Amino acid sequence: MLAIAIAVITLLAWVYLLGGAGTGMSAASMTTWRFPPAADTLFGPADWTPSYALMMTLMWFVMMVAMMLPSAAPMMMIYARVYAQGQRQGQIADGGVPTGIFATGYLLCWLAFSGVATALQYAFERAGLVDGMWMWSLSRNLTGGLLVLAGLYQFSPLKRACLNHCRSPASFLSQNWRPGRSGAFRLGLVHGVYCLGCCWVLMLLLFAGGVMNLVWLAGLSILVLLEKLAPFGARLTKPIGVLLIVAGISIAVSG
């Protein structure tokens with residue numbers, strides 16, 4: 001049931017994004033295979049009213065749910081299994097398995113990231129670096145800088161530590177287990193912090209390729225899944241880092 005629930009939530013998130021996430025445009029119309037995207041825009045910054053800022057925060061959050069929840073599914077399923085086993089053995093008081101509370105703690109971290117990403121989007125638009133309608137970079141320096149930053153982060157000890165955590169859910173639970181609802185929330189929150197530490201720079205690449213560009217949304221989603229879940233995922237980080245750095249320097253120099 002939990003796997004079905006995660007699949008349904010993820011599917012609904014993608015459906016919301018495909019419909020344009022409240023922007024008034026479909027995701028298909030904001031998608032391009034061209035990289036860097038076209039910089040000859042006719043649109044200035046969007047009209048950033050409080051309701052628009054809230055809509056952008058929601059858009060970012062739903063994107064994070066669509067892209068990150070599948071990679072967190074193994075952790076959630078192992079947590080639910082361990083909790084249920086503890087109840088059967090009498091080690092944990094009977095009651096509902098608080099997996100939803102665990103997920104709430106996890107997603108709260110990505111909600112916080114969504115608020116920061118929205119603030120960055122506002123700042124980039126006001127600086128003329130990101131298009132207000134297409135939501136992709138208009139500056140080769142910004143595009144190149146984001147790619148180089150993401151590439152360098154692939155080599156950082158923090159990235160390695162966070163990725164190792166995300167790839168070892170059983171080890172994390174055995175070392176950090178706390179019973180009850182408060183324990184579930186704390187575990188979800190801690191896991192979310194590690195997950196955020198693993199992937200936040202990759203998520204910023206959406207500014208380079210297009211925040212609602214399906215090519216980049218799908219590509220980064222697959223990359224996150226491979227890094228976290230594939231047997232060879234840990235070996236991908238450095239080659240990907242090299243590719244990102246080379247691409248970023250090439251784009252910045254060509255500008």
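This is a predicted model: local features need pLDDT of at least 70, side-chain atom pairs count only at pLDDT 80 or more; totals for chains, interfaces and linings use all residues.

Reader: What makes serine 71 buried or exposed?

Author: Serine 71, whose place is in helix α2 (residues 50-88), has a relative accessible area of 6%; buried means under 20%, and therefore serine 71 is called buried.

Reader: Why is the pairing of serine 71 and lysine 228 called a polar contact?

Author: The side chains of serine 71 and lysine 228 are joined at 3.4 Å, and a polar contact requires a pair of N or O atoms within 3.5 Å, one able to donate a hydrogen and the other to accept it, so the distance meets the cut-off. The side chain of serine 71 also reaches the backbone oxygen of methionine 68, at 2.8 Å.

Reader: How do you know that lysine 159 and glutamate 227 meet in a salt bridge?

Author: Their side chains come to 2.8 Å, N to O, and because a salt bridge asks for a side-chain nitrogen of Lys or Arg within 4 Å of a carboxyl oxygen of Asp or Glu, the pair qualifies. The pair links distant parts of the chain, with lysine 159 in helix α5 and glutamate 227 in helix α9 (residues 214-229), 68 residues apart. Both residues are buried, and a search of the whole structure finds 1 salt bridge.

Reader: Which residues of helix α5 are buried, and what puts them on the same side?

Author: In helix α5 (residues 157-166) the buried residues are Lys159, Cys162, Leu163, His165 and Cys166. They cover an arc of only 155 degrees around the axis, which is why they lie on the same side of α5.

Reader: What makes threonine 143 count as buried or exposed?

Author: Threonine 143, placed in helix α4 (residues 140-153), has 1% relative accessibility, and since the limit for buried is under 20%, threonine 143 counts as buried. Leaving aside neighbours within four places in sequence, threonine 143 is in contact with Phe35, Ser137, Ala208 and Ile251, and its side chain makes a polar contact of 2.8 Å with the side chain of serine 137.

Reader: Why is valine 8 called partly exposed?

Author: Valine 8, found in helix α1 (residues 2-18), has 42% relative accessibility; buried means under 20% and exposed over 50%, so valine 8 falls in between and is partly exposed. Together with Met1, Ile4 and Leu12, Val8 makes a nonpolar surface patch of about 470 Å².

Conventions. Residues are numbered from 1 along each chain as its sequence is written. Side-chain values use heavy atoms; hydrogens and water are left out. Patches are made of residues with over 30% relative accessible area and no salt bridge: like charges are joined within 9 Å, nonpolar side chains (Val, Leu, Ile, Met, Phe, Trp, Tyr) within 5 Å. Accessible areas come from the Shrake-Rupley method with a 1.4 Å probe; for residues, only the protein chains shown count as cover. Helices (H or I, at least four residues) and strands (E, at least two) are DSSP runs, numbered from the N terminus. Buried means under 20% relative accessible area, exposed over 50%, partly exposed in between (1.4 Å probe, protein chains only). The arc is that of the directions from the helix axis to the C-beta atoms. Contact means heavy atoms within 4.5 Å.
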